[in-house]
Amino acid sequence: MDVVETNRKHLNKQQTKLRQLLTDPGEFNQAIELFFDQHASLHSRKVSHLETWSFEDAILDDLTEEHFRRIPKNQEHSIAWCIWHLARIEDTAMSILIANGAQVFRRGNWQARLNVAFRDCGNKMEVESIAELSGQIDLQALRDYRVAVGRRTREIVSSLQPDDLKHIRF
């Protein structure tokens with residue numbers, strides 16, 4: 001079995017355990033620790049500064065620009081769009097819904113840095129707009145934005161207290 005599949009199965013087991021831990025206020029610290037482990041495995045090592053294996057690094061580090069931008073035949077999304085969408089969703093959910101603050105996107109002049117005309121998360125985005133974003137987005141800025149969002153998420157989660165979980169739906 002390859003390393004991606006092995007890590008995917010491990011992540012799925014961890015996700016089940018995390019859901020259980022989050023329902024028990026007495027397990028708050030263990031839940032936060034497990035969240036950070038999962039988060040580190042999904043983001044670049046640049047986010048956590050750990051030397052652990054990560055899906056993002058394993059999958060994206062050796063991709064060519066063409067592979068990042070290409071929308072496969074009979075599909076709607078490029079890898080670049082998927083990474084942008086994931087980062088925008090995480091930024092919005094953590095910054096607004098959890099921290100009740102400003103998004104990383106809005107605080108860091110990311111729209112200009114990314115070279116995109118879009119500010120939303122891309123839900124219900126038309127195929128033409130997905131192609132436009134995929135073709136014009138600055139790929140290094142995209143990876144940098146995702147790192148900035150991941151770091152902000154870790155800051156937000158680090159500041160949570162057990163009572164905060166009562167207000168978050170899982």
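Hi everyone, let me start with helix α1, which gives the most to the lining of the second largest pocket, with 4 residues. Before I go on, please keep in mind that this is a predicted model.

So, what is the volume of that second largest pocket? About 170 Å³. Which residues line the second largest pocket? You can find them on your screen: N7, H10, L11, Q14, D37, A40, S41, L50, T52, W53 and F55. Helix α1 covers residues 3-22 and helix α2 covers 28-42, and each of these two supplies at least two residues of the lining.

By the pairing rule used here, the count for the model comes to 5 aromatic pairs. One of them is W53 with F55, an edge-to-face pair with 4.7 Å centre to centre and 75° between the planes.

Now compare the pair formed by W81 and W84, which is tilted: 6.4 Å centre to centre, with 55° between the planes. Where do W81 and W84 lie? Both are in helix α6, residues 79-98, and they sit 3 residues apart, about one turn of the helix. Both W81 and W84 are buried.

R88 lies over the face of F105, at 4.1 Å from the ring centre. R113 lies over the face of W110, and there the figure is 3.6 Å from the ring centre.

Next, a threonine. T153 lies in helix α10, which runs over residues 139-159. Its relative accessibility is 2%, so T153 counts as buried. Which residues does T153 touch, leaving aside those up to four places away in sequence? The contacts are F35, H39, E90 and M94.

Last stop: the backbone. Most residues other than glycine have a negative phi. With that in mind, have a look at N115, which is not a glycine and yet has a positive phi of about 65°. K124 is another such case: a positive phi of about 65°, and again not a glycine. Where are they? N115 is found in the loop between α8, residues 110-114, and α9, residues 127-136. K124 is also found in the loop between α8 and α9.

How accessible are these two residues? N115 has 45% relative accessibility, so N115 counts as partly exposed. K124 has a relative accessible area of 82%, which means K124 is exposed.

To recap the tour: we began at the second largest pocket, with α1 giving the most to its lining. We finished with buried T153, and with the positive phi values of N115 and K124.

Notes
Residues are numbered from 1 along each chain as its sequence is written. This is a predicted model: local features need pLDDT of at least 70, side-chain atom pairs count only at pLDDT 80 or more; totals for chains, interfaces and linings use all residues. Side-chain values use heavy atoms; hydrogens and water are left out. Rings of Phe, Tyr and Trp (its six-membered ring) pair if their centres lie within 6.5 Å; planes under 30 degrees apart count as stacked, over 60 as edge-to-face and the rest as tilted. Buried means under 20% relative accessible area, exposed over 50%, partly exposed in between (1.4 Å probe, protein chains only). A charge sits over a ring if NZ of Lys or CZ of Arg is within 6 Å of the ring centre and within 35 degrees of the ring normal. On a 1 Å grid over the protein atoms alone, a cavity is a set of points where a 1.4 Å probe fits but cannot get out, and a pocket is an open set with protein on both sides within 12 Å along at least five of seven lines; lining residues have an atom within 4 Å of a point. Grid points are joined across faces, edges and corners, and a volume is the space filled by probe spheres set on the points. Contact means heavy atoms within 4.5 Å.
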